[in-house]
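Reader: I am new to this structure and would welcome a guided tour. May we begin with the terms you will rely on?

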Amino acid sequence: RWAALAAGLPESVPAVTVDRQCGSSQQAIHFAAQGVMAGAYDVVVASGVESMSHVPIGSQADGRDFLGPSVAARYPSGLVPQGISAELIAAKWGLSRARLDSFAAMSHQRAAAAWADGRFARDVAPLRELAVDESVRPSTTVDVLASLKPAFYAPGWESRFPEIGWHVTAGNSSPINDGAAAVLITSSETAARLGLRPRARLHSFAVVGDDPLFMLTGVIPATSKVLERAGLGIGDIDAFEVNEAFTSVVLAWQAETGVDLSRVNVNGGATAIGHPLGASGARLMTTLLSVLEQTGGRYGLQTMCEAGGLANATIIERL
């Protein structure tokens, strides 16, 4: 509500907060589109924001057991932080440190090239002196990344999970970022009445739950589910945005789907651009649409892992 009022919207415009952790603004887009389709809304701003410098990740727990005794009873061995999930994924899919670092370096190179070519110019609203993603490092190389230490190693985790190779570092994970993004959603009839030109239509939606121990693998069944709902095959999709919370997530997804990485995160991903949690869903959507417009593609698919083993997936069609 306060964001809507701060934005200068009329007092008659309502607002609500959606919390699906990392997928919050992607879920907001789903809810907005579904509300428009149902005739409940005319025009919706679906947006997300996160200030990780102000509210550090995990701080809402404040040292408490926020899961409760019933979850502990269902998973008696105990659940793990996302970094350990990322390590378990790397181990299960046989992803080496070199593979993770190579993908991370490519993400930075792609993002740097996209900025240099002006491919982000239409997407970005400058905020005072800030007009460029600050975490993109054009000079990043595999050799530089190879010097970083494992970010999540602890003797207790090593004892419990001897299969982990300890390949996940700050360099092949998403950095700490602040950010915000928004999209405007309406029907074709309302757009015509308001003199707006639609850039894409929201084609299909899916949300899934998956193993909360691996936590980040939901992008795999979410992709299958949204394609089935859309009546499309993986080969029909021209561009993919798979959130790079950790590079192991994207590479495990790619191993299961077989998608050529030349169609995935074309303008760089969250390893370089950043993953301001609540904002990322809407940010990925703007990037995906821009890639489709830049390449002439028709269909784009966006998916992202979310806390607790959740994942959203969305297919859009460029108009």
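Author: Two residues are in contact when they have heavy atoms within 4.5 Å. Helices (H or I, at least four residues) and strands (E, at least two) are DSSP runs, numbered from the N terminus. This is a predicted model, in which local features need pLDDT of at least 70 and side-chain atom pairs count only at pLDDT 80 or more, while totals for chains, interfaces and linings use all residues. Residues are numbered from 1 along each chain as its sequence is written, and side-chain values use heavy atoms, without hydrogens or water.

Reader: Thank you. Is helix H4 mostly covered or mostly open?

Author: H4, which spans residues 82-92, is mostly covered, with 8 of its 11 residues buried. Buried means under 20% relative accessible area, exposed means over 50%, and partly exposed lies in between (1.4 Å probe, protein chains only).

Reader: Which residues of H4 are buried?

Author: They are Gly83, Ile84, Ser85, Ala86, Glu87, Leu88, Ile89 and Ala90.

Reader: Which residues other than glycine have a positive phi?

Author: Gln21 is one of them, with a phi of about 50°. Gln21 sits in the loop between helix H1 (2-6) and helix H2 (24-38), and counts as partly exposed because its relative accessible area is 34%. Asn265 is another case, its phi being near 50°. Asn265 belongs to the loop between H10 and helix H11 (270-273), and is buried, at 1% relative accessibility. For context, most residues other than glycine have a negative phi.

Reader: Let us turn to H7. What does Glu158 touch?

Author: Glu158 lies in helix H7. Leaving aside neighbours within four places in sequence, Glu158 is in contact with Tyr153 and Trp166. Glu158 is partly exposed, since its relative accessible area is 36%.

Reader: How far apart are Glu158 and Leu251?

Author: They are separated by 93 residues in sequence and by 23 Å in space, C-alpha to C-alpha.

Reader: How many salt bridges are there?

Author: A search of the whole structure finds 6 salt bridges. A salt bridge here is a side-chain nitrogen of Lys or Arg within 4 Å of a carboxyl oxygen of Asp or Glu. One of them pairs Arg97 with Asp101, whose closest N and O atoms are 2.8 Å apart. Both of these residues lie in helix H5, 4 residues apart, or about one turn of the helix.

Reader: Which salt bridge links distant parts of the chain?

Author: Arg122 forms a salt bridge with Glu293, with 3.3 Å between the closest N and O atoms. Arg122 is in the loop between H5 and helix H6 (142-146), whereas Glu293 is in helix H12 (residues 280-295), 171 residues apart. Arg122 is exposed, at 54% relative accessible area, while Glu293 is partly exposed, at 27%. Through shared partners, salt bridges join Arg122, Arg199 and Glu293 into one network.

Reader: A change of topic: how many disulfides does the structure hold?

Author: It holds 0 disulfides, a disulfide being a pair of cysteine sulfur atoms within 2.5 Å. Cys22 is in none, and the nearest cysteine sulfur, that of Cys305, is 6.3 Å away. Cys22 counts as buried because its relative accessibility is 6%, and Cys305 is buried too, with a relative accessible area of 1%.

Reader: Which residues form the nonpolar patch on the surface?

Author: Val43, Val45, Leu184, Leu194 and Leu196 form the patch, with about 430 Å² of accessible area together. Such areas come from the Shrake-Rupley method with a 1.4 Å probe; for residues, only the protein chains shown count as cover. Patches are made of residues with over 30% relative accessible area and no salt bridge: like charges are joined within 9 Å, nonpolar side chains (Val, Leu, Ile, Met, Phe, Trp, Tyr) within 5 Å. Leu196 is in the loop between helix H8 (188-194) and strand S3 (200-209), and is partly exposed, at 39% relative accessibility.

Reader: Finally, which residues does the UniProt domain annotation cover?

Author: The unreviewed UniProt entry annotates residues 197-318 as "domain: Thiolase C-terminal". UniProt positions are given in the numbering used here, feature names are shortened, and annotations may be inferred rather than shown by experiment. Over residues 197-318 the chain is 35% helix and 25% strand, with its end C-alpha atoms 12 Å apart.
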